[in-house]
Every structure is written in structure tokens, then in C-alpha cells.
Amino acid sequence: MNMKKIVEYRTLLNVTKTATLKELKTIYRNSMKDFHPDTIENPEERLEAEQKSIAIIEAYHFLVSVAPETAEKDKAEYIKTTSTSNIADFYYENSVLYVTFLDGNTFEYFGIPKQTYIKMVNAESPSRFARRHIYNEFLYRSASKLVAAE
């Protein structure tokens with residue numbers, strides 16, 4: 001998941017990064033009404049609507065997971081984890097840094113420049129580096145809750 005994909009999700013739902021959860025839900029519901037496959041007779045149009053509805057569902061769930069309200073709700077736990085727990089493991093893929101902490105929480109950080117990741121790998125203490133240069137600088141979401149929800 002890169003920043004370009006996040007922009008695509010926002011464009012698909014026609015929202016800004018400051019959209020509230022209520023706004024996202026309303027837009028999501030209205031979009032699903034417009035593109036629900038069960039309301040379309042033509043097989044080709046139905047297939048197109050299925051693909052569009054899958055994209056809308058994916059965009060909605062992702063944008064909810066990174067919404068300011070979601071971050072605010074989980075902020076106390078996030079601060080506790082990032083300030084008191086060291087990193088158990090981390091990896092980087094397509095501008096996303098995945099960090100698992102010793103307390104069991106996992107977070108994804110988006111838009112991490114490769115150079116920043118290389119500096120983290122080479123840092124004497126990746127945990128200290130991340131506290132200073134990543135945790136409060138980049139868009140993130142809890143990946144722990146995603147695993148628990150599945």
C-alpha cells in the first residue's frame with residue numbers, strides 16, 4: 001500500500017484526508033447503493049458493478065483505519081506502545097514500514113522513503129530511531145486490529 005493508492009482511495013470515494021467517519025460511512029453507503037451488483041440486470045454491467053463495489057469496500061475500510069478519528073480513539077494505546085515498547089520485528093515493502101512491538105501491537109506506516117528505512121536498519125537502536133523519525137511523522141494504522149478482525 002503506497003501513498004498513491006491512498007490518494008486513489010480518496011479519489012474513488014471523493015473525500016479529503018480530513019473526512020469524518022460519519023462522512024465516510026454516508027459516502028460508502030450511497031456508493032454501494034449506486035453500484036450494488038444485485039440491482040443490475042445486464043451481466044456485463046453487473047460484473048463491472050461487482051468490481052467497483054469491491055474497490056469501494058476496500059477503499060472505505062482502509063480510509064476508516066487511517067481516519068483522524070480512528071487515530072484519536074486509539075491514541076493512548078498508540079502512545080503507550082511507541083514510547084514504552086521496543087521493536088520486536090520490522091520490515092519494509094512498497095514504501096510501507098511494518099513494525100511489530102514487543103507488547104504484541106503491530107502498526108503500518110505509509111509513505112516511508114527508502115532512505116529513511118535504510119537509516120533505521122543501520123541505526124544503533126532502530127527503536128530510538130523510529131521514535132524520533134517515524135512514529136509521529138507518518139500516516140499509520142494499527143495492523144493488530146486488522147488481524148483480530150479477520
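What percentage of the 150 residues in the protein is buried? I get 37%, with buried meaning under 20% relative accessible area, exposed over 50% and partly exposed in between, for a 1.4 Å probe and protein chains only.

Ground rules. This is a predicted model, in which local features need pLDDT of at least 70 and side-chain atom pairs count only at pLDDT 80 or more, while totals for chains, interfaces and linings use all residues. Residues are numbered from 1 along each chain as its sequence is written, and side-chain values use heavy atoms, with hydrogens and water left out.

Overall layout. I find eight helices and four strands; these are DSSP runs numbered from the N terminus, helices being H or I with at least four residues and strands E with at least two. From the N terminus the order of elements is α-α-α-α-α-β-β-β-α-α-β-α. Along the principal axes, the C-alpha atoms fill a box of roughly 60 × 30 × 25 Å.

Sheet. I looked up the strand order next. The four strands make an open antiparallel sheet, ordered β1-β2-β3-β4, where pairing requires at least two DSSP bridges between two strands. β1 (87-93) and β4 (140-142) are the edge strands, each pairing on one side only. From one strand to the next the twist averages 20 degrees, the axes being lines fitted to C-alpha atoms and the angles running from 0 to 180 degrees between N-to-C directions.

Strand β3. Five bridges join β3 to β2 in the antiparallel sense, and Val96 has Phe110 in β3 as its bridge partner. The two strands form a hairpin with four residues between them, and Gly104 in the turn has a positive phi of about 95 degrees. On the β4 side, β3 (residues 106-110) pairs antiparallel over three bridges. There Tyr109 stands opposite Tyr140, and Phe107 stands opposite Ser142.

Are the residues of β3 mostly covered or uncovered? The strand is mostly covered, with five of its five residues buried. In a regular strand, side chains alternate between the two faces of the sheet. I see Thr106, Glu108 and Phe110 pointing one way, and Phe107 and Tyr109 the other way.

Cores. I took a nonpolar core as a set of buried Ala, Val, Leu, Ile, Met, Phe, Trp, Tyr and Cys residues joined through side-chain atoms within 4.5 Å. The largest has 18 residues, and Leu13, Val15, Leu24, Phe62, Leu63 and Phe110 have the most contacts inside it. Two or more residues each come from α1 (3-13), α2 (21-35), α3 (43-66) and β2 (96-101). α3 gives the largest share, six residues. A second, separate core has 16 residues, including Tyr78, Ile87, Tyr117 and Tyr135.

Pocket. On a 1 Å grid over the protein atoms alone, a pocket is an open set of points where a 1.4 Å probe fits, with protein on both sides within 12 Å along at least five of seven lines; lining residues have an atom within 4 Å of a point. The second largest pocket has a volume of about 240 Å³, that is, the space filled by probe spheres set on the points. Its lining has 13 residues, of which Ala71, Lys75, Tyr78, Tyr135 and Tyr140 lie nearest the centre. α4 (68-73) and α5 (75-84) each supply at least two of the lining residues.

Last check. I looked up Ile79, which lies in α5. Ile79 counts as partly exposed because its relative accessibility is 42%.
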